[in-house]
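Please walk through the charged pairs and the chain layout of this protein.

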Amino acid sequence: MSNPFENAMSQLDKAAKIMDLDKGVYEVLKQPERVLTVSVPVKMDNGEVKVFTGYRSQYNNTLGPYKGGIRYHWNVSLDEVKALSFWMMVKCATVNIPMGGGKGGIIVNPKEMSEGEIERLSRGYVQKVWRNIGSDKDVPAPDVYTTPQIMSWMRSEYEKLVGHDDPGVITGKPIEDGGSEVRGYSTAQGGVYCVLELANKMSMTPADTKVAIQGFGNAGSFMAKILSEKGYNVVAVSDSRGAIKGSALDIEKLEAFKKETGSVVGFEGTEELTNEEILELDVDILVPAALENVITADNAQQIKAKAVVELANGPTTPEADEILKEKGIVVVPDVLANAGGVTVSYFEWDQNVKGEHWSEEDILERLERIMVDAFNEVWDTKEKYSIDMRTAAFVKAIERVGEGLKKTLI
Ligand code: NAD
């Protein structure tokens, strides 16, 4: 497996060449501004003390406080956290929200821990990083295997240490603890706004557009639901047990079926496929919404969709990107397609620092404006330089950060 930070830097190099990036800006963007490595001792339920390693990478705060999730996973590494913080910088700048890039993680398997142990680990992590976070410095959020409850514990520990309220120190909190409306489906909703813009550009009408979605979890199932409400034909979906294909699936019934049986497989009126086959279906739009690295040099040649909308993070490898580009398949990249999540996180922070609570309607209106503008800017950048949308998003984002950097640092 290639090193994620090296991949991130090769993406920076690619964009820098196209836009003829200022040398000073390039040098600044080659590394994070600050990386914290902490040891977090936790008294386990059996009385033993275990020490966990945690990280927080603060890549760049030119456009606003660092922003990015905290991941609890056994595969967390410093290079992964650094790469993810770089991608957060790019994502926030792509959609033009006033946040920088950050990311954190702890090397741990939370599935092997009790709730109390996870609470002590989460509070212990904050005890080590609290001087470097805060609503005006660095605003973490949930990521893989971290939850709204964990965000609440972290907020409470942080406020104990600083001695005052600061609800905007962390986002992704439960609504009752300062969380935002729409957060639950924000990623999918942002992806839907991208699909609607894409359909305009590519002259697709909902009734004639077939969609396949890999992954029927939080992001994928909401995407299926909203798109089918808008008249799109969601014809195939999958989860970790397998994939199904039919004609215009009834998503509400499918959700009920999945709740009852634990999987989408076996839903009435559908045939079963593998998770590889769903990617190669003859559809108009393919939405990877599960794992990274699923579209690779091995299967990219077989992809038949006209467009790929990346709700998952990193589903397409760089080699596959090249193949899709040659085949004329448009890829709406993760840093744009799934940025609805971080955008509503930013709204949560904004509400918290202003002491407000916005309605669902208000948030949807703001989210739509941000996503539509970002989509069109990336599209125009793609046209301007004759490049793919991923590279265009990087160019646009790095242009924004670079302009800010030149005014301050250089
Ligand atoms: P989730 O855990 O709710 O759902 C993941 C889905 O993928 C599940 O349905 C699972 O069964 C399925 N899955 C697992 N292994 C699979 C396999 N081998 N083949 C097909 N499906 C498989 O996760 P989520 O929050 O929906 O996140 C999905 C992706 O979207 C991730 O890449 C995540 O980083 C990205 N993302 C999510 C958010 C968010 O707000 N939820 C924000 C940004 C990006």
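A search of the whole structure, which is a predicted model, finds 26 salt bridges. Side chains of opposite charge can pair when their charged atoms come close.

Take arginine 56 and aspartate 138. Their side chains form a salt bridge, with 2.7 Å from N to O. Arginine 56 belongs to strand β2 (residues 49-60), while aspartate 138 belongs to strand β5 (residues 138-142), so the contact ties together parts that are 82 residues apart in sequence. Is this pair buried or exposed? Arginine 56 has a relative accessible area of 1%, so it is buried. Aspartate 138 is buried too, because its relative accessible area is 0%.

Next come glutamate 157 and arginine 123. Their side chains meet in a salt bridge at 2.9 Å, N to O. The cut-off for buried is under 20% relative accessible area. Glutamate 157 is at 6%, so it counts as buried. Arginine 123 is at 17% relative accessibility, so it counts as buried as well.

A further salt bridge joins the side chains of arginine 390 and aspartate 321, at 2.6 Å from N to O. Here the partners come from helix α13 (residues 389-408), which holds arginine 390, and helix α9 (residues 318-326), which holds aspartate 321. The two residues are 69 apart, and the pair links distant parts of the chain. Both arginine 390 and aspartate 321 are buried.

Salt bridges can also be followed as a network. Arg71, Glu80, Lys103 and Asp143 are linked in this way.

Now step back to the domains. The protein is divided into domain 1 (34-176) and domain 2 (185-328). What separates the centres of domain 1 and domain 2? Taken over C-alpha atoms, the separation is 30 Å.

Glutamate 360 has a relative accessible area of 39%, so it is partly exposed.

Which residues form a negative surface patch? They are Glu229, Asp250, Glu252 and Glu268. Aspartate 250 is placed in the loop between β8 (242-245) and α8 (251-261). With a relative accessible area of 37%, aspartate 250 is partly exposed.

Finish with the backbone. Serine 203 is not a glycine, yet it has a positive phi of about 50 degrees. Serine 203 is found in the loop between α6 (186-201) and β6 (210-214). Its relative accessible area is 63%, so serine 203 is exposed.

Asparagine 293 also has a positive phi, of about 55 degrees, and is not a glycine. It is placed in the loop between β10 (285-288) and β11 (307-309). At 32% relative accessibility, asparagine 293 counts as partly exposed.

Key. Residues numbered from 1 in each chain as written. Predicted model: local features only at pLDDT ≥ 70, side-chain atom pairs only at ≥ 80, totals over all residues. Heavy atoms only, no water. Patch = residues over 30% accessible without salt bridge, like charges linked within 9 Å, V, L, I, M, F, W, Y side chains within 5 Å. Areas by Shrake-Rupley, 256 points an atom, 1.4 Å probe, with all protein chains shown as cover. Salt bridge = Lys/Arg side-chain N within 4 Å of Asp/Glu carboxyl O. Lys, Arg positive; Asp, Glu negative; His and termini not counted. Charge placed at Lys NZ, Arg CZ, Asp CG, Glu CD. Helix = DSSP H or I, 4+ residues; strand = E, 2+ residues; numbered from the N terminus. Buried < 20%, exposed > 50% of the residue type's maximum accessible area, 1.4 Å probe, protein only. Domains from an automatic or database assignment.
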